[in-house]
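Welcome! Take a moment to look over the model shown here, and then let us walk through it together.

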Amino acid sequence: MGTVREKYAELKETLCFSEEAAAEAMRILQVTQGRPSGQLQLYMEQPCQNEPDINAIVQKRRAGMPLAYAIGSKPFYGYEFSVDKTVLIPRYDSECVVERAITLVKEKQYNTAIDLCCGSGALGIALLLESGIEAVCFSDISANALETARKNAQRLLPKGKYAQCIFSCGDLLEPIAEKADILLCNPPYVSPEEYKGLDAQIQEFEPALALVAQHDGYEFYERLARESSAYLNPGGAVVLEIGSTQAQGVQDLLKTAGFDSIECGFDLAGRPRWVSAMPVN
């Protein structure tokens with residue numbers, strides 16, 4: 001049995017097909033050795049444990065499976081979210097969407113939220129854990145995705161907050177029964193043409209249902225601009241994740257539909273990543 005350091009060197013070589021081999025090797029070891037993120041370096045000289053688990057993850061990865069699916073989880077906003085092929089893998093780019101929502105919750109003293117197209121539930125759960133929001137309605141068109149969100153909420157949330165969660169399956173706003181103060185949504189926004197050019201790993205493993213939108217990627221933004229104000233309490237707001245080229249288009253849709261206080265924000269790479277707005281009441 002070798003040390004964690006020796007296994008790390010071996011994994012980097014094995015995963016050399018990945019541009020992020022070093023980070024992936026560290027992530028695999030962090031999970032399989034049961035060490036908190038960022039603390040594995042403290043244990044590099046200890047014996048490496050759970051070789052069968054490591055080998056199983058590596059085998060899946062070499063077959064092309066994204067690392068998050070191979071492991072079964074992905075960190076987001078400091079929390080570990082379970083993921084499988086029924087949901088998109090949460091991206092760090094989306095954390096700025098949560099940050100914008102937290103800012104609005106604090107400024108406006110919001111209490112309730114809707115997480116549309118919730119997938120793993122990452123946006124809504126992070127908002128519940130990091131802000132004064134007391135209740136969230138999670139909604140997704142995929143029953144399997146909604147079940148993943150429910151399991152993540154049950155595992156990550158305090159019992160009191162989990163008890164205030166609602167899980168509704170249906171098409172966008174269709175299953176929403178009650179108004180809320182803030183609506184978050186990371187909708188499908190990749191056009192069919194753009195989808196053809198995505199990495200093969202995404203096309204093969206991640207659900208197209210959660211990625212592809214008609215009308216050049218604007219299908220769901222058009223619907224949200226028309227419909228979402230009816231699901232917001234007075235003074236409420238929407239925070240929408242956007243593709244990096246869609247900022248102006250989404251802002252125009254919201255302005256035409258009668259929203260104001262329209263703002264756009266950026267991810268850590270400096271790309272437009274969210275638009276927020278408030279309907280004129």
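## Two helices side by side

Helix 11 (residues 219-227) and helix 12 (residues 247-256) pack with their axes 8 Å apart, at an angle of about 25°. Axes here are lines fitted to C-alpha atoms, for helices over the stretch in contact, and angles run from 0 to 180 degrees between N-to-C directions. Helix 11 and helix 12 are therefore roughly parallel to each other (the term covers angles under 35 degrees).

This is a predicted model: local features need pLDDT of at least 70, side-chain atom pairs count only at pLDDT 80 or more, and totals for chains, interfaces and linings use all residues. Residues are numbered from 1 along each chain as its sequence is written, and side-chain values use heavy atoms, with hydrogens and water left out.

## Where they touch

Which residues meet between helix 11 and helix 12? From helix 11 come Y221, E222 and A225, and from helix 12 come V250, L253 and L254, where contact means heavy atoms within 4.5 Å. The residues of this contact divide into 5 nonpolar, no polar and 1 charged (Ala, Val, Leu, Ile, Met, Phe, Trp, Tyr, Cys and Pro count as nonpolar, Asp, Glu, Lys and Arg as charged, and the others, Gly among them, as polar).

## The whole chain

Stepping back, the protein chain has 12 helices and 9 strands; these are DSSP runs, helices (H or I) of at least four residues and strands (E) of at least two, numbered from the N terminus. Of its 281 residues, 50% count as buried, that is, under 20% relative accessible area with a 1.4 Å probe, protein chains only.

The C-alpha atoms of the protein chain fill a box of roughly 65 × 45 × 35 Å, taken along the principal axes.

Technical notes: Parallel < 35°, antiparallel > 145°, perpendicular 65-115°, else oblique.
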